Amino acid sequence: MKWSCPESGPMKKVIVIGSPGAGKSTFARRLRDLTGLPLYYLDMIWHKADGTNVSREEFDKALEEILQKDCWIIDGNYQRTLEMRLRECSTVFLLDYPLELCLSGAEKRIGKVREDLPWVETTFDESFRQWILDFPREHLPQIYDLLGKYSGHKNVMIFKAQEEAEGYLMELAEGTDHPKVVIGRCESGERPCFFSADTV
């Protein structure tokens with residue numbers, strides 16, 4: 001497929017993040033098909049077909065090469081390098097879905113051939129399941145903190161349900177502009193609040 005980069009605008013350098021099992025790769029593929037942007041899966045960079053991993057140095061070098069390109073969609077969390085991607089991207093999509101949906105999504109893909117993973121998962125690994133269980137408590141707050149740091153300079157879209165993401169993709173297919181999401185702080189300071197740009 002021949003890719004084309006837009007000259008400007010928010011949909012030029014995009015990252016898709018969220019819990020495993022949330023459907024990031026599926027969303028990213030649909031976004032690719034609608035925008036024509038090239039899609040890169042971090043799992044395909046980190047994992048080898050034999051189940052081993054590349055070194056951190058190899059991973060970082062491959063990621064840097066992608067970030068230097070004119071346009072892209074990058075799918076995956078890999079929190080160690082999230083800020084690196086946030087600095088370079090123009091738009092962020094966070095799929096912040098309920099835990100039960102993410103667990104179900106991860107389990108349903110067992111045994112399926114996927115273009116975003118270099119092997120077929122045969123079991124729902126217990127350590128991977130625990131990582132998903134820990135995600136809302138151990139990883140999500142850090143993600144929100146980083147989004148808060150960069151929200152004034154990025155187009156940030158946060159979906160709390162699959163229906164919201166589906167609605168966005170339908171609007172994008174119809175050429176409808178979607179509001180930017182601005183992240184602020186609740187008065188308690190415990191958790192970020194979210195405001196549409198239409199209301200601030």
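Let me start with helix α5, residues 99-108, and helix α6, residues 126-150, whose axes come within 10 Å and cross at roughly 160°; the axes here are lines fitted to C-alpha atoms, for helices over the stretch in contact, and the angles run from 0 to 180 degrees between N-to-C directions. That crossing makes α5 roughly antiparallel to α6, a label used for angles over 145 degrees. Before I go on, this is a predicted model, in which local features need pLDDT of at least 70 and side-chain atom pairs count only at pLDDT 80 or more, while totals for chains, interfaces and linings use all residues. Residues are numbered from 1 along each chain as its sequence is written, and side-chain values use heavy atoms, with hydrogens and water left out. Helices (H or I, at least four residues) and strands (E, at least two) are DSSP runs, numbered from the N terminus.

On the α5 side, the contact, meaning heavy atoms within 4.5 Å, is made by L99, C102, L103 and A106, and on the α6 side by F128, R129, I132, L133 and P136. By class, that contact has eight nonpolar, no polar and one charged residues, where Ala, Val, Leu, Ile, Met, Phe, Trp, Tyr, Cys and Pro count as nonpolar, Asp, Glu, Lys and Arg as charged, and the others, Gly among them, as polar.

What lies in the loop between α5 and α6? L117 is found there, and L117 is buried, with a relative accessible area of 7%, buried meaning under 20% with a 1.4 Å probe and protein chains only. Leaving aside neighbours within four places in sequence, L117 is in contact with D43, M44 and H47.

Finally, consider K13, which is placed in strand β1, residues 13-18. Is K13 buried or exposed? At 18% relative accessibility, K13 counts as buried. Its C-alpha atom is separated by 4.7 Å from that of C89, although K13 and C89 are 76 residues apart along the chain. Not counting residues up to four places away in sequence, K13 touches several residues, including D70, W72 and E88.

Conventions:
Angles under 35 degrees count as roughly parallel, over 145 as roughly antiparallel, 65 to 115 as roughly perpendicular and the rest as oblique. Buried means under 20% relative accessible area, exposed over 50%, partly exposed in between (1.4 Å probe, protein chains only).
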